[in-house]
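Okay, everyone, thanks for coming.

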Amino acid sequence: MNLCVLASGRGSNLKSIIDSYKKGKIISKVVLVISNNSNSNALNIARSNQIPAYHLSQKQFSTEQEYVKAFLDLLEKHKVDMIILAGYMKLLPAEIVRTFQNKILNIHPALLPSFCGQGMYGMKVHEAVISYGAKVSGASVHIVDEIYDNGPVVIQRTVKVADEDTPETLQKKVLKIEHKLFPEAIKLFETKKPTLVGRRVVFN
Ligand code: GRF
């Protein structure tokens, strides 16, 4: 599969996907990286790996329609099969979600359906987990639909929340498992056929 990774920030999940491909753990290749943030480190990571990288933001266009067309044209030009949201801070336009139905994955740094939704991102998630007093947290990869963090879960893994954890230490623990989980989710799509049973994803 040809992957397009959308990222807004640091890009460590992008790096883990590229590294998994280089090591032969997955056969899907990142062929395109798009960021809404021109300063995103994800663009640097892509360029240093000779992957086409674009800054694409709605602000560059006078209408939403032109923006969506430019987005879809890029995806088509690079023959993208699957879209990976790796720390992408924008809601994807509905037309893109519809065009790539069940072929868009997002990673969330907590156990869905907890600690999620609009405004629940980055350190805010880990702060909420700690202040709630949850004893486990983790990461979830899910299929993207038109609502934030709403689509069916593909794969989840837990980490223990220790009494001495701070949002910062919890983030580190969760990020470490994210870097394994995303490539595992991609591998599932490479090797098995996903079927939706209600809102459950079943792989055959
Ligand atoms: C990750 O914690 C991911 O779960 C969330 O955004 C963060 C992105 O980190 N959606 P990075 O840019 O991949 O380092």
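So, which side chain does Arg-98 meet in a salt bridge? It's Glu-146, with 3.8 Å from N to O. Keep in mind that this is a predicted model.

The chain is split into domain 1, residues 1-100, and domain 2, residues 106-204. Taken over C-alpha atoms, their centres sit 20 Å apart. Domain 1 puts 22 residues into the contact, and domain 2 puts in 17.

How much area gets buried between domain 1 and domain 2? About 1,700 Å², and carbon and sulfur atoms give 66% of that. On the domain 1 side, the residues losing the most area to domain 2 are Asn-13, Leu-85 and Leu-91, which together make up 27% of what that side buries.

Now the polar side of things. Between the two domains the count is one salt bridge, and there are six residue pairs in polar contact across the interface.

Which elements of domain 1 do the touching? Helix H1 (12-22), strand S4 (82-85) and helix H4 (94-99) each bring at least two residues to the side that touches domain 2. H1 gives the most, with five residues. If you sort that side of domain 1 by residue type, you get 13 nonpolar, five polar and four charged.

That's my tour of the interface.

Key:
Residues numbered from 1 in each chain as written. Predicted model: local features only at pLDDT ≥ 70, side-chain atom pairs only at ≥ 80, totals over all residues. Heavy atoms only, no water. Domains from an automatic or database assignment. Contact = heavy atoms within 4.5 Å. Buried area = accessible area lost by both parts, 1.4 Å probe. Salt bridge = Lys/Arg side-chain N within 4 Å of Asp/Glu carboxyl O. Polar contact = N/O pair within 3.5 Å; in protein donor to acceptor, adjacent residues only side chain to side chain. Helix = DSSP H or I, 4+ residues; strand = E, 2+ residues; numbered from the N terminus. Nonpolar A, V, L, I, M, F, W, Y, C, P; charged D, E, K, R; others polar.
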